[in-house]
Protein chains: 2
Amino acid sequence: MQAEAPGRVQDVRRQNLAVALGAIQRTERSTRAEIAARTGLTKASVSSLVAGLLETGLIEEVGVTRDGERGRPGSGLVLNRQRGALGAEVNVDYLAAGVVDLLGEVRVHEVVERPPGGSPEEVLGELRALARRATTAAEADGMVLLGGGLAVPGLVDPAHGTVLTAPNLGWRNAALAQHLEALLPGAPLGVVLSNEANSAALAELWYGHGSSFRDYLYVSGEVGVGGGLIFGSELFAGPGGHAGEVGHLVVQPDGQQCSCGGRGCLETVAGQHAIFSAAGIDGTSTADRMAALLGALDAGSPEAARAVETAGHYLGVALASAARMVNVSAVILGGHFAGLQKWIRPSLLRSLDSYAPGVVPPDGVAFSGLGQTAALRGAAGSRLREVFASPHDLLN
Amino acid sequence: MQAEAPGRVQDVRRQNLAVALGAIQRTERSTRAEIAARTGLTKASVSSLVAGLLETGLIEEVGVTRDGERGRPGSGLVLNRQRGALGAEVNVDYLAAGVVDLLGEVRVHEVVERPPGGSPEEVLGELRALARRATTAAEADGMVLLGGGLAVPGLVDPAHGTVLTAPNLGWRNAALAQHLEALLPGAPLGVVLSNEANSAALAELWYGHGSSFRDYLYVSGEVGVGGGLIFGSELFAGPGGHAGEVGHLVVQPDGQQCSCGGRGCLETVAGQHAIFSAAGIDGTSTADRMAALLGALDAGSPEAARAVETAGHYLGVALASAARMVNVSAVILGGHFAGLQKWIRPSLLRSLDSYAPGVVPPDGVAFSGLGQTAALRGAAGSRLREVFASPHDLLN
DNA sequence: CGAATTAGTATGGAATCTGAACTATATGGC
DNA sequence: GCCATATAGTTCAGATTCCATACTAATTCG
């Protein structure tokens, strides 16, 4: 804590508003007295803080419920389900937009499939139409959207709204700030870019296996292999903002050239293309090839089994190093790894046990069950978390 | 910031004391007016805060210095050089203790060589005598010691004062809490355990190459290969407290068995023993063998050159993965790597460029110049930083 | 229907910041 | 030398926000 900024007396209230809101968020229904007991604040302070939170619109007072206990019943406080955020996702062969409320529930969800390719302008134009459909539907329902998040499969600079590089979209240094603003015009918090694997890692934290692990490495298997690090229920982005990129750990010092310019990266043996070609699977769309691979595995094709086993082996090599490096003991595998769970798990566990015995135990290896909405939910959820972290900002 | 603890009005002062002290720390000599200008606090607040800091004894008022400027001259404020911390180190073949003042200068330094081996009790008994010599010398000089740090080559649990495992000392689950207290009886902040590589990484930050890099991976080459991660001028310890351990990244999936139970770890090709035996160097003490290796290299021995080159190559493989994983662009090499700089640098740079082109540029590779006092200075320095972070704790 | 119990509000006191007015101490021009 | 100017530091009133205590409100139990 190399404290730079001086503290003001008002900052105390900023923090306590967040503390009180956090207490409300963690239970179905709270009363002022319960909040005081849980946070350690006095009843008087809580009364004042709750008044402020009611003013932000983030919480609502629901009537008293006589629960049969002795004494005056408290009046219930709940998160306002009429507040939410936009979540959006650009991926290689589809676009998605949705609205997530303060409780984390997906209230609206729109997806369109589209052929790969297109400039950032074209793609974001299509996405805007989709987002408009989603937001008007939500607003017709009485919802107010506070901000939004857009997940893309690539490295991003959220501060400037720029996609630095997204090889599978063919984008490089794409400045999207204006397009982001257009997705949700006039929202208090705007729309922020994020990396798809990071967003999926957060979605896993909030809506998936996150209840089991406080610290883990999430690995997203797509055409590329991405990753996100969660420490203490927070995303760890690293100094440059791109930590957790396991796809380019070196697992075969004498291996193939990688698209990143390096050699023997994990992606060259465990990315989708690598597995498909090792298994001898052709096809046009990713979905088709994935189906064909699963079919071959089911049919007992030794070629397919060996391809997946090899991927699992090298995934284990990479995860052994990664787990040691950042000192985590759990990994969650998403994307194609989740679909291949049954076939990839044995070789992965063997490999982990042999390269880093005891570091990642078998029950520290989990497979994602969230499917394709993970990134979208994570992107919207991260904006909602910002609201929870500083509700004060919503007070004029 | 999943804020849990409610804020009090008093917390504002806690923070502002640290802010003011930080402003004083960053310049040779400050005045209240300068502090106000630099921090954004008002002159009135700074006056009050400085009064509090004077009470802690951490700063001193030195007389006014007429500098020829117009207007009333400010009265100078400086860090009190009579306050400091104990730094201590247990290593395989020596013990060290020293006293570091608030400016980071080593005021007393005591080292004894000793044969390897000994139980934690024996070793800490010897260390206590050494520490007593150092502290009485410092106290005779008028110094007051606020706390201390002890660096050991192994994984530690600072909260409980336990060495979890230190293979090169032969220690395992050694509970040292009482011995730590005995090193500096009655000090306000006590003595805290730390990992040697982490402490050296911090020493590098404060007294070495840290001025050039805000984020880097420090690699300590000893019998084992340890590491420490510095992000944003802070040590990143990871969820379990042991992040940055590069010694056990897998660099040869088909390589040798490692003492950690894994296979093909960096340590098996770049640790001191690995290099010595690959170079065909025998000898009893580490210092002797190191001297022999340097002699062989100077004499142009192809065997020695190849051993070091191989170590550099695999060090590059590990650092390529590590840098990608945690997204740093600089590494600082200490321990035997620093001594071998001239011979190891070329193969390391080639390897980095080939496995992670552009990630760690050549001028992001630095070699430590701190020598053997690094860990001691880091251990003491980290306690002093705690003082800087919360000076309030020193007020009655 | 009153005693007991719990929820929530109102009020006074303490801590601490800010801003403006004030005092202290220097330089520089005449 | 003296006074205007400039800068450093202090004092004091006002604002904010917390806590502690006393109070009012609403319910259950006997």
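Okay, let's start with the interface: chain A and chain B bury about 4600 Å² between them, and carbon and sulfur atoms give 56% of that area. Bear in mind that this is a predicted model.

Who's doing the burying on the chain A side? Arg324(A), Met325(A) and Tyr355(A) lose the most area to chain B, and together they make up 16% of what that side buries. In terms of contacts, 55 residues of chain A meet 56 residues of chain B.

Now the polar side of things. How many salt bridges cross between chain A and chain B? Zero, by the rule used here. Polar contacts do turn up, though: 19 residue pairs across the interface, with both partners at pLDDT 80 or more.

So where does chain A's contact side come from? Several elements each supply at least two residues: helix 1 (9–25), strand 12 (225–231), strand 13 (234–236), helix 10 (302–326) and helix 12 (341–355) of chain A. Helix 10 of chain A gives the most, with seven residues. If you sort the residues on that side by type, you get 29 nonpolar, 17 polar and nine charged.

Last stop, over in chain B: helix 13, residues 374–389. From first C-alpha to last, this 16-residue helix reaches 22 Å, close to the 22 Å you'd expect at 1.5 Å a residue. And is helix 13 of chain B mostly covered or mostly open? Mostly covered: 13 of its 16 residues are buried.

That's my tour, thanks.

Methods
Residues are numbered from 1 along each chain as its sequence is written. Chains are lettered from A and ligands numbered from 1 in the order in which they are written. This is a predicted model: local features need pLDDT of at least 70, side-chain atom pairs count only at pLDDT 80 or more; totals for chains, interfaces and linings use all residues. Side-chain values use heavy atoms; hydrogens and water are left out. Helices (H or I, at least four residues) and strands (E, at least two) are DSSP runs, numbered from the N terminus. The expected span of a helix is 1.5 Å times one less than its number of residues. Buried means under 20% relative accessible area, exposed over 50%, partly exposed in between (1.4 Å probe, protein chains only). Contact means heavy atoms within 4.5 Å. Buried area is the accessible area (1.4 Å probe) that two parts lose on being put together, summed over both. A salt bridge is a side-chain nitrogen of Lys or Arg within 4 Å of a carboxyl oxygen of Asp or Glu. A polar contact is a pair of N or O atoms within 3.5 Å; within protein, one must be able to donate a hydrogen and the other to accept it, and residues adjacent in sequence count only if both atoms are side-chain atoms. Ala, Val, Leu, Ile, Met, Phe, Trp, Tyr, Cys and Pro count as nonpolar, Asp, Glu, Lys and Arg as charged, and the others, Gly among them, as polar.
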